[in-house]
Amino acid sequence: MVKVFIDNKAYEVDDSKNMLETCLSLGLNLPYFCWHPALGSVGACRECAVVKYKDENDKKGKLVMACLEPVVNNIRISIEALEAHQFRAGNVEALMTNHPHDCPVCDEGGECHLQDMTVMTGHNYRRYRFKKRTHTNQYLGPFINHEMNRCIQCYRCVRFYKDYAGGKDLDVFAAHDDVYFGRQEPGVLENEFSGNLVEVCPTGVFTDKTLKKHYTRKWDLTDAPSICHQCALGCNTIASERYGSIRRILSRYNGDVNGYFLCDRGRFGYEYVNSEKRILTASKKQNGTLSAINKEQAIQEIREIIKVDKKIIGIGSPKASLESNFLLSQLVGAENFYAGITSTEGKLIQLVVEIMKGGKVKIPSLSEVEGYDAVFILGEDVTNTAPMLVLSLRQAAKNKPREQAVAMKIPEWNDAAVRDVVQEATGPFYIATAHATKLDEIATKTYYAHPDNIARLGYAVTNKINQQPTIVDSDEETEALAQSISNALLAAKKPLIISGTSLYNEAIIQSAANIAFALMDKGKNPGLVYIVPEVNSIGLSMISHQFLEDIYEKPNKDDDKTAIILETDLYQKMDKHNTDTFLNQYTNVIVLDYLHNATCSEATYILPAGTFAEADGTVINNEGRAQRFYQVHIPENDVKSSWKWLQDLLMNNSTPSVKNFDEVIESLVEVFPELQAIKSIAPDSDFREGTQKIPREPHRYSGRTAMHANTHVSESRPPEDPDSALSFTMEGYAGIPPSAITPFYWSPGWNSVQAINKYQIEVGGPLHGGNPGKRLFEPIENSNAIYFKNNPLPFSPRKQEWLALPLYHIFGSEELSAQSPALKERIPKAYIALNNNDALKAGIAEGNVLEILFNGEKHRLPAKLSIQLPEGIIGLPKGFIETAGIHFPFWTTLNRLNNV
Amino acid sequence: MEKPLTEHIKNDGTSLSLMEYENAGGYQALRKALKLSPEEIQKIVKDSGLKGRGGAGFSTGSKWGLVPMGKDVPTPKYFIANADEMEPGSFKDRLLLEGNPHQLIEGIIIGAYAIQARFSYVFLRWAYHQASKVITQAIQQAYEAGYLGENILGTDFHLDMSMHISVGRYICGEETALLNALEGKRANPRSKPPFPVVSGLFGKPTVVNNVETLSNVPHIISKGADWFKKLSITDEGGTKLYGASGRVKKPGLWELPLGTSLREILEVHAGYMQNGYNFKGVLPGGGSTDFLTTIHLDVPMDYASVSKIGSRLGTGTIIVLDDKTCPVGMVRNLEHFFAQESCGWCTPCREGLPWTAKLLDALESGNGIMEDLNILASHVHYMAPGKTFCALAPGAMEPLESALKYFKEDFEKHVHEHKCPWN
């Protein structure tokens, strides 16, 4: 800590920062454009100019850019000095010369950093009297709208897209005042993180195309703090609604999880919430067809069924909250509660939880991953199974080469200078997967093999580290690779091991743990990250230990007539034939779900479940972090949280009172004491700031009286929210709420997402009151976790048969987001991938139609070559319509169809 | 009067061959240098007072002295000759490149040895086609003669050299933009600090020196620092290539003692003004220097003296303005050039220069208003040194600022007469 003087006032500050960060962290208003807390300083825009003085006697000073000015003891600067003021205002005047001033029709209007900064500088009178330069805009795909004329050339877009996210197809073209940010030619932006351009761009060049379809100003949105439900990482989001539909998703800053960013599946995959396939009312099957019935009637009838049936079974969901799963298990009894996943998947997740609970090594958070300096990935195509982890890994890969810049005493925040030193270098980064992956481009070495062979490599690496296990019979090549990986991991300050469940291989998960254990025993401080399939896979596995096969294979007794299925399409999880048989055994199939699906068609009753948009709940991410999401709005239909429906069903004469959310959690932790922490992840429903609730709507929310004027002219009373400290109104506490219940960012003068600066203790650091979420598994000193000893035998390919493995797609492999229109445009066509040599031998060429047998049926799909699958292995896209219900891996035959 | 840089350059437009160069004492300096330690060479060059002839005037020896030396420093180091002569009105390096390529190459090798560089480049202006042939051939000859490659002249010093032809942007002459261009990136200048001597090409220690600067090096090594110091009239050391263009009787380029007066260059060497034209002013060192007028004619043309009267020696190539040429039009042309050559990185340069050019266009076409003069003056302030990312825009403001000072009436006439008085 050193002392600095800003406008003659002394402050004690951190000397590892620059003066812009320091001013912002102190809560001072200093305009900027090109600087971004996650991207660092480059000094392009010249907007954060301040006057720097030699000492207290220097009255004239010198204009400097605060973002390039290191904090040093006794530095004196002025934000308020006239020269600095005039320069900043003049700079905005200059960069606005070609701006179209189209705020009224611009999607960014009202949340535009350029608007905010322009007002902040005081520039208001335009002297430029010449023609403006104009540009042609580009089609950039279904996610992003492009309006280059609004560009103020801050260079943040390319710095994020290329330097930070590893994108290749967005660049800066031309020079002088004709600089153009776009693609070489119009086309879909390929990078998986392109949506962040919407938030990174300080004005309306890159805007959200899905929002544009049903555009609403920021101030007219009802917002809620939410958690992305589209993979297991649990990125924090802001979900926004108007007129009953979800309009967009923004990143909600969480310094421990996703920081400032989201992947495109998380950002644009929300549209299914507004789908025509949404189940909006309770319905009942009568005479073979489902038709809407009154919800009270539905509840009454289902209650009667439950009362009569002695034994009912419940199927829970890794997409549903802990609360919903818990109440279902309460309703049916824990012994009759089954997780809605296959036992293969379930057991792997249990293994992961067991390793995390064992506490031998640290399970780092998503943001902590950025701090590791050597990486070994076993079996995960991270870009497609946990996209945001890639963004963290890309930063981690630069840590080792960054040491050179540190040696040159270049401050970490000086991004341009650091990059000049680091160039394209990456640190030790090893990837062992079943096929080529996008992240391979930053890998030191890749290894493509059958899952068992990947595990064998893991065992070999462990053996090299500390002879645990003592003997591994690997071939020379594997030995050499294992040696170089173990050398790199041992040489690193902080080695990181990444693995997961995606290849359905137990040995991979075990061997990853072994490596981390061995590093730990060698005195290193390794990190171990497991990727699991769903947003609440970990949560569900902590409250249920039975899986779909357990109930499918159990003969149905006569009194066992009712199944309640929570937020699960069984046909996605199990094959059609067995699922038909299973469902036929039940007289009553009660389904709680959001979108009409195959399971719904077999239902006797359907209750409309809330998605993240209409439900409150708690989910546990892959790190073991429990996080809360809140419903955005109360829809004008029957949709509500599944746990609320289940409570309706649970209510009988003996327990007449409705429990609110806190009370449900209370009873949950009574049954599952190890989940105690979820009680404290967010303020209770009776929390108030003073006497006030936290409004979900900004204070400028408009049209509240008018929006229902077609039905009644008096202003209706806003709905109550008995379950949280949030209100469905614009009235309430206007300051900064607790971080877990912050629905949006706004501060006087800061209307854009950059208002986040005001919510952080220091810019880029933790939120006031700490980042939300509670970790359930921390390292335990003297953990008694033991090494796994199940080194599998090497894989041997078969003649005439192939082993099919799942191939994951960020767009398509997740069931719900795949039903979002924008995302649907990005889903590739289904295919069968195979090895080039195999194809050559079998006379198969790219695009040939192949016939394949799975789930008891023949399917025809085109061949796709060259993703470097090992010989004897084929790949099928996971979770596509064509591949629903497949259990990977499986052996199969292929037939090439001629001229089809 | 000694003319070390140009005395052997032939008048027939052909370049000095390797043999001719060697016969004139060429590569003897290199032989001498390789027997000295790198630090000794740095000291000799520093003691000579040699300053960067590209325009910045920074001590060459001091620049070399900032390169990390010893075993545990980042390698490979690089040594680059900046032959991207793009300054409006400048053509001095061209004479050296085309006329005596080995003098430059020898200078590079000695410089590279002095910082222990492993690779060197000649970064050449795109339009210098003759020079590209000459330099390519000379590099080849130097390799064949053992002056380049491994174990140069039997020592354990290795140096490779390549020529890189720029794609042709003014900004590539800025040393850090040059590095980006050489790396295949956009030619935007880099953030300083760190300076290239610490983190340069591919992030490694790198020295970038101007062609004229480097051409002096073999002579300094051969004849010593004191000899070099005594070449100049004032105390800055050495000779300087001075040029003159515009409506003078004998436009040309002359190697003269550093510190020769502006009057002597114009009157004695350039033959003063053509008949029918009167002297109005000069840009003393290329397009990005401040105007000097009649009152400044006796200034010694060295770094300190020109700086003292509010301009810069720059490249030492003088552009003469006569009374039949509109000063507003001249500045307009310059600002058009600079606006076009802005890389587009920082706001003041990217937006301020085109605005400046448009204001001058308006004045020239009779559409100017008095407010325009205020905006021009405010732009001079807005693009002053320190406010922009590199020196391009501040340089561009130098002719404008001084024109507004010395030719204010001419600007006002454009407004009042609603036309250019010279048209």
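Me: Where is the place of A:Tyr155 in chain A?

Reply: A:Tyr155 sits in the loop between strand S6 (144–146) and helix H4 (156–164) of chain A. Helices (H or I, at least four residues) and strands (E, at least two) are DSSP runs, numbered from the N terminus. The model is a predicted one, in which local features need pLDDT of at least 70 and side-chain atom pairs count only at pLDDT 80 or more, while totals for chains, interfaces and linings use all residues. Residues are numbered from 1 along each chain as its sequence is written, and chains are lettered from A and ligands numbered from 1 in the order in which they are written.

Me: Why is A:Tyr155 called buried?

Reply: A residue is buried if 20 or more other C-beta atoms, placed from the backbone, lie within 10 Å of its own, exposed if 12 or fewer, and partly exposed in between. A:Tyr155 has 24 other C-beta atoms within 10 Å, so it is buried. Its phi is also positive, at about 75 degrees, although A:Tyr155 is not a glycine.

Me: What makes A:Arg46 count as buried?

Reply: A:Arg46 has 28 C-beta neighbours inside 10 Å, and therefore counts as buried. This residue belongs to the loop between helix H1 (19–25) and strand S3 (49–53) of chain A. The phi of A:Arg46 is near 65 degrees, a positive value in a residue other than glycine.

Me: Why is A:Phe612 buried, and which residues does A:Phe612 touch?

Reply: A:Phe612 is buried because 29 other C-beta atoms lie within 10 Å. It is located in the loop between strand S24 (605–608) and strand S25 (617–620) of chain A. Two residues are in contact if their C-beta atoms lie within 7 Å. Leaving out residues up to four places away in sequence, A:Phe612 touches A:Ser226, A:Ile227, A:His229, A:Ala239 and A:Phe629. From A:Ala10, by comparison, A:Phe612 is 602 residues away in sequence and 46 Å away in space, C-alpha to C-alpha.

Me: How do you know that chain A agrees with a compact globule?

Reply: The rule for a globule is 2.2 Å times the number of residues to the power 0.38, and the radius of gyration is taken over C-alpha atoms. For 900 residues a compact globule would have a radius near 29 Å; chain A has 28 Å, so the value agrees. The C-alpha trace of chain A spans about 90 × 80 × 65 Å along its principal axes. Of the 900 residues, 55% are buried. Among the contacts in chain A with a separation of 6 or more, 74% join residues 24 or more positions apart. The chain holds 27 helices and 36 strands.

Me: Which residues touch the most other members in the largest nonpolar core?

Reply: They are A:Val375 and A:Met388, in a core of 383 residues. Helix H18 (residues 506–521) of chain A gives the most to this core, namely eleven residues. A nonpolar core is a set of buried Ala, Val, Leu, Ile, Met, Phe, Trp, Tyr and Cys residues joined through C-beta atoms within 7 Å. Beyond four places in sequence, A:Val375 touches residues including A:Leu393, A:Phe429 and A:Ile498.

Me: What makes S10 and S12 of chain A edge strands?

Reply: Two strands pair if DSSP finds at least two bridges between them. Three strands form an open antiparallel sheet in the order S10-S11-S12 (chain A). Strand S10 (222–227) and strand S12 (245–251) each pair on one side only, and these are the edge strands. Strand S11 (residues 236–242) of chain A pairs with S12(A) over six bridges, and A:Thr237 stands opposite A:Ser251 in S12(A).

Me: How many bridges join S5 and S6 of chain B?

Reply: Six bridges join strand S5 (residues 239–245) to strand S6 (residues 252–257) of chain B, and the two run antiparallel.

Me: Which peptide bond to B:Pro193 is cis?

Reply: The bond from B:Lys192 to B:Pro193 is cis, with omega near -5 degrees. The bond from B:Pro193 to B:Pro194 is also cis, with omega near 0 degrees. B:Pro193 is in the loop between helix H8 (175–182) and strand S4 (206–210) of chain B.

Me: How many residues does the contact take from chain B and from chain A?

Reply: The contact takes 30 residues from chain B and 33 residues from chain A. Helices H13 (327–341), H14 (347–364) and H15 (370–382) of chain B are the elements that give two or more residues to the side of chain B that touches chain A. H14(B) supplies the largest share of that side, eight residues.
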